[in-house]
Amino acid sequence: MPPHLTGVGAKLKPKWLRQVLVGGRSIRPYMKTHMPQFGADNVAHLVDLFQRVDLSPEIKFAEFSDLKETRNTGHELAGTAGLNCIACHTFQQKPAATMSAVDLTEMAERLHKDWFYRYLRDPQRLSTNTVMPSFWPNGRAIRRDVLGGDANQQIEALWQYLIDGRQARPPRGLVREPIELLATDEAVMLRRSYQGVGKRGIGVGYPGQVNLAFDAEQMRLAMIWKGKFADPAGVWRSQGHGTVRPLGHELVRFAAGPELDDATNPWPVDDGRPPRHRFKGYTLDSLQRPTFKYRFDHVDVTDYSIDLKDETSGEVVIRRTLTFTAKQGRSNVDFRAAVDEKIVLEGSGAFLIGKKMRIRIDDEHEGQIVDAPKGKQLRIPLDLAQGKSTLVLQYVW
């Protein structure tokens, strides 16, 4: 949401406010709406009027004799060993790994010092919907080990550090080493947001150095890749924002939307949850490999993948077994296995998807290549009889 105009004269220094009104200067690249330019003759006089009408209560600032040491303390507070400001804020125009909030190195140039003090003491009071945490609730510092826990001295240390603007030393944490979450003797799982999957992504790393991510929002295999599993730094080091970064190589992404759907009236795919599908959780086997469970209409589905060595090529592949339990039977159902510009039947139930990936379908089912708005689709028609039936797919890439 755009920032409030309430108290803007008390917040922004005249020079910066003029640059915004007259020159269109912006510090929020994530904003989709930009303020119109009305021309200096129409709005330049507002700079002085805002400054006069928005008055702030007088604040007594903390004082220090050693400014160099004060700035060193501010540098520490801004980093991961302090208050971790760098987790959310851009620094020297380098976006944060999570939210990319306003740039730390422009704050002293933009803001009146007394507004900076008041905001840090109680962010919610000046910006009701902010996600900025309160590090000094009721005037008490949460870091009692820095500057004797004195709130004013800590805020002043941050201000003195930020005065250097673009010349300020990068705080600890601006450049971060990746975290490697790896599978060894057992599978490992990470339930967080993945790029192109959303917040209900469930990643699985297998000991055979193949990996997958399942989308529990849309009931689909979202992506597969080889090698190392994942770097969770984007979500573990933040306030719940960011995404998990797959490690390894040869990542393959699959199209959005549920794989299992009605052949005649499929759900029109968007970012939401399909109305006839419901995720039912998962169970783990002795090697911690998950079996995902969901329901489509009155059909219960289990989706179980393992890593195994292909007898022909010697490569480690993913074998996926889907079990359907239909109490009443369900006809006219399609399983959409892949979407790509190029899909070619190679014979014996094997299909080449794109340039490299192959999907092999068990002998009990037959795949069909169907023209679609975004290229071609590999569909597997299913006529689910009452009781249990299975579909086995093998992914080689």
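User: How many nonpolar, polar and charged residues does the lining of the largest pocket have, by class?

Analyst: Please note at the outset that this is a predicted model. The lining of the largest pocket has 30 nonpolar residues, 13 polar residues and five charged residues. The pocket itself has a volume of about 1400 Å³. In total, 48 residues line this pocket, and those nearest its centre are Arg28, Tyr119, Ser127, Thr130 and Met132. Two or more lining residues come from each of α1 (8-11), α6 (107-110), α7 (113-121), α8 (123-126) and α9 (151-162).

User: Which element gives the most to the lining of the largest pocket?

Analyst: That element is α7, which gives five residues.

User: Which residues of α2 are buried?

Analyst: In α2, the residues Trp16, Leu17, Val20 and Leu21 are buried. These four cover an arc of only 125 degrees around the axis, so they lie on the same side of α2. On the other side of α2, Lys15 and Gly23 are exposed.

User: What do the buried residues of α2 pack against?

Analyst: They pack against α1, α3 (40-43), α4 and α6. The backbone just after α2 also deserves attention, for glycine 24 takes a positive phi of about 70 degrees there.

User: Let us turn to strands. Is strand β3 (residues 210-215) largely enclosed or left open, and why?

Analyst: The general idea concerns the two faces of a sheet. In a regular strand the side chains alternate between these faces. In the present case, six of the six residues of β3 are buried, which means that the strand is largely enclosed by the rest of the structure. Val210, Leu212 and Phe214 are buried on one side, and Asn211, Ala213 and Asp215 are buried on the other, so both faces of β3 are covered.

User: Which strands pair with β3, and in which sense?

Analyst: Strand β2 (residues 198-205) pairs with β3 in the antiparallel sense over five bridges. In this pairing, valine 204 stands opposite leucine 212 of β3. Strand β4 (residues 220-226) also pairs with β3 in the antiparallel sense, over six bridges. Here leucine 212 stands opposite isoleucine 224 of β4.

User: How many residues lie between the strands in the hairpin of β14 and β15?

Analyst: That hairpin has two residues between the strands, and serine 348 takes a positive phi near 55 degrees. Strand β14 (residues 343-347) and strand β15 (residues 350-353) pair in the antiparallel sense over four bridges. Within the pair, isoleucine 343 stands opposite isoleucine 353.

User: Where does glutamine 93 lie, and is it buried or exposed?

Analyst: Glutamine 93 lies in the loop between α5 (67-78) and α6. It is exposed, with a relative accessible area of 57%, and the cut-off for that word is over 50%. Its phi is near 65 degrees, a positive value in a residue other than glycine.

User: What is the place of asparagine 332, and what is its phi?

Analyst: Asparagine 332 is in strand β13 (residues 330-340). Its phi is near 60 degrees, again a positive value in a residue other than glycine. At 38% relative accessibility, asparagine 332 counts as partly exposed.

Conventions
Residues are numbered from 1 along each chain as its sequence is written. This is a predicted model: local features need pLDDT of at least 70, side-chain atom pairs count only at pLDDT 80 or more; totals for chains, interfaces and linings use all residues. Side-chain values use heavy atoms; hydrogens and water are left out. Two strands pair if DSSP finds at least two bridges between them. Buried means under 20% relative accessible area, exposed over 50%, partly exposed in between (1.4 Å probe, protein chains only). On a 1 Å grid over the protein atoms alone, a cavity is a set of points where a 1.4 Å probe fits but cannot get out, and a pocket is an open set with protein on both sides within 12 Å along at least five of seven lines; lining residues have an atom within 4 Å of a point. Grid points are joined across faces, edges and corners, and a volume is the space filled by probe spheres set on the points. Ala, Val, Leu, Ile, Met, Phe, Trp, Tyr, Cys and Pro count as nonpolar, Asp, Glu, Lys and Arg as charged, and the others, Gly among them, as polar. The arc is that of the directions from the helix axis to the C-beta atoms. Contact means heavy atoms within 4.5 Å.
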